[in-house]
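My entries follow in the order I checked things.

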Amino acid sequence: MAEEKKGLFRRFFGGGASKPAEPEPTPEPAIVPEPAWTPEPEAIAPPEPVAIEPPAADAEPPKAVEAVEAAAPVEATAVEAEPEAPAAAEPPEPEPAAPVPAAVAAPRPTGFFAAPAAPAPAQEPAPKQNWFQRLKAGLSRSSSAISDGIVSVFTKRKLDADTLEEFEDVLIQADLGLTTSAAIVEALKKGRFGKEIDGDEVKAILAEEVTKVLAPVAKPLTIDPTRKPHVVLVVGVNGTGKTTTIGKLAAKLRAEGRSVMLAAGDTFRAAAVEQLKIWGQRTGSAVVARSIGADAAGLAFDALRDAQANGTDVLLIDTAGRLQNRTELMAELEKVIRVIKKQDPTAPHSVLLTLDATTGQNALQQVEIFGRVAGVTGLVMTKLDGTARGGILVAIAARHGLPIHFIGVGEGIDDLEPFAADDFARAIAGIAT
């Protein structure tokens, strides 16, 4: 037992001779992987696997290609394949020629670089209409309402009580007034009751009866040459066209060779003052104006004094528009008249009331109140072209009997003309000539 311990001691720490130990198995050398072969960039045939035979027991270990840690796949030796000769390429088919694009016009420059447009061919001016043609065109809405009513009432019907009643309603709706409408119906049934009657005959009777009412009041505006100046005061409610009427009257008086002065008495409206100044320039008339809000009576006094000093033939005085039912405004108008009379007791020599035909029956009240306050001496009916109520002029003439000096059917300087009863009656009845 002690000998065995000594032999073991010698084997580890050396020493004397001992029993030879059994040879230990020689460890297998570490397998070093061969470097992988990188193929040239050529066509490579599919690799064929190489069979690896296991090493013999007594033989030396082969230099196998194995993975050290993770079993990597074995790469086989690549066999280079000889490149085949490329096949003769067929010539490509010719492509069809691309279509030639159509010519596109270059866009026209706009804005600053735009070429000036070709001038439009000059149109021939429309032939100028005479006064009756313009009057008939202006009263077309009123005449159409009456004519349509005549056609609807008298088409293939005998003249009986029902027909006359329907026709009277048509005339009243046209604002001809009760008195005039009744007179027309009475004249229509004389000798014709129970008989058939056509529309043209009805229109002729209508025009005849309207002429009878209007003829006595169709009087021109008379300018007294012995008065220097002849003072014309123009009054009316807002929007009836007083300032425009004054401008047109000034043009007509200047065409007659008279000297004219305009007084801008509507000191409450700046546009009226500027508008009158423009009319003064257009007609060559002197204009007296003050700042907005100035006393209208004082302006009228100064204008009359200047006109007297200059020997002016006609002085046209504008006034502010005022409603006939506003007592304080009508009192201001009375003040203007009183101041004028202090300078000339006979003035104003003419007081014109402008009436808007579109107001209809309200115009009757305006004539009554302005006549009482301002002493209206004549009427000017405007805007007959904008309404179907042109018949109101007939009703006013039948009730008040005031002279009708002018009527207006447009904005043009020639659209204000002296009133002619026969022309008006034919135009409103729809008679062509």
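Which residues are exposed on the other side of α8? I looked up Gln281 and Arg282, and both are exposed there. This is a predicted model, so I kept its confidence in mind.

**Entry: helix α8**

I went through α8 from end to end. The helix runs over residues 270–283 and has 14 residues. I took its span from the first C-alpha to the last: 20 Å, close to the 20 Å expected at 1.5 Å a residue.

Next I listed the buried residues of α8. They are Ala272, Val273, Leu276, Trp279, Gly280 and Thr283. These residues cover an arc of only 125° around the axis, which puts them on the same side of α8.

Then I asked what covers them. The cover includes α7 (242–255), β2 (260–263) and β3 (286–288). I also checked what follows the helix. Gly284 comes after α8, and its phi is positive, near 70°.

**Entry: salt bridges**

I searched the whole structure and found 15 salt bridges. I looked at some of them one by one.

Glu209 and Lys212 meet through their side chains, at 3.3 Å from N to O. Both sit in helix α6 (residues 199–214); because they are three residues apart, about one helical turn separates them. Glu209 counts as buried, at 12% relative accessibility.

Asp266 pairs with Arg269, and their closest N and O atoms are 3.4 Å apart. I compared the burial of the two partners. Asp266 is buried, with a relative accessible area of 7%, whereas Arg269 counts as partly exposed at 38%.

Lys383 pairs with Asp356, with 3.7 Å between the closest N and O atoms. Where do these two partners lie? Lys383 is in the loop between β6 (378–382) and α12 (392–400), and Asp356 is in strand β5 (residues 350–356), so the pair ties together parts that are 27 residues apart in sequence. Lys383 counts as partly exposed at 32% relative accessibility, while Asp356 counts as buried at 9%.

I also followed shared partners. Arg290, Asp302 and Arg305 are joined by salt bridges into one network.

**Entry: confidence**

I looked up the pLDDT last. The protein chain averages 78, and 68% of the residues score at least 70. Over residues 16–21 the pLDDT is below 50, and this stretch has four contacts in the model beyond near neighbours in sequence. Residues 41–46 also fall below 50, and that stretch has four such contacts.

Key. Residues are numbered from 1 along each chain as its sequence is written. This is a predicted model: local features need pLDDT of at least 70, side-chain atom pairs count only at pLDDT 80 or more; totals for chains, interfaces and linings use all residues. Side-chain values use heavy atoms; hydrogens and water are left out. pLDDT is the predictor's confidence in each residue, from 0 to 100. Contact means heavy atoms within 4.5 Å. A salt bridge is a side-chain nitrogen of Lys or Arg within 4 Å of a carboxyl oxygen of Asp or Glu. Helices (H or I, at least four residues) and strands (E, at least two) are DSSP runs, numbered from the N terminus. Buried means under 20% relative accessible area, exposed over 50%, partly exposed in between (1.4 Å probe, protein chains only). The expected span of a helix is 1.5 Å times one less than its number of residues. The arc is that of the directions from the helix axis to the C-beta atoms.
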